[in-house]
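Take a look at the chain below.

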Amino acid sequence: SYAARELPLAPAKHMTAPLITWATHGEPFVAAVENGPLMATQFHPEKSGDAGAALLSNWLETLR
């Protein structure tokens with residue numbers, strides 16, 4: 001019920017467009033977004049078992 005179902009940002013010359021990953025669970029929603037150093041997910045990777053642990057491990061590697 002709290003899913004982001006649209007991206008309200010209009011393209012702008014002074015801003016790089018974010019990378020967006022969409023998923024579907026009943027309807028499409030933004031699952032993850034990345035824009036430069038900003039990364040966010042719409043789910044809890046820490047509650048996603050081995051796949052979530054791998055995602056967090058990969059993300060931590062980008063911080064080195």
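The paragraphs below go from strands to surface.

This is a predicted model, where local features need pLDDT of at least 70, side-chain atom pairs count only at pLDDT 80 or more, and totals for chains, interfaces and linings use all residues. Residues are numbered from 1 along each chain as its sequence is written, and side-chain values use heavy atoms, with hydrogens and water left out.

Start with strand 1 (residues 19–24) and strand 2 (residues 28–35). Strands here are DSSP runs of E with at least two residues, and helices are runs of H or I with at least four; both are numbered from the N terminus. Strands 1 and 2 pair in the antiparallel sense over six bridges. To count as a pair, two strands need at least two bridges found by DSSP. T24 faces P28 of strand 2. Three residues lie between the strands in this hairpin, and G26 has a positive phi near 90 degrees.

Now move on to strand 3 (38–41). Strand 2 and strand 3 run antiparallel, joined by four bridges. Here E34 sits opposite M39 of strand 3. This hairpin has two residues between the strands, and G36 takes a positive phi near 60 degrees.

M39 also belongs to a nonpolar patch on the surface, along with F43, L55, L56, W59, L60 and L63. Together they have about 590 Å² of accessible area, computed by the Shrake-Rupley method with a 1.4 Å probe, where for residues only the protein chains shown count as cover. Helix 1 (residues 49–62) gives the largest share, four residues. F43 lies in the loop between strand 3 and helix 1.

Notes:
Patch = residues over 30% accessible without salt bridge, like charges linked within 9 Å, V, L, I, M, F, W, Y side chains within 5 Å. Salt bridge = Lys/Arg side-chain N within 4 Å of Asp/Glu carboxyl O.
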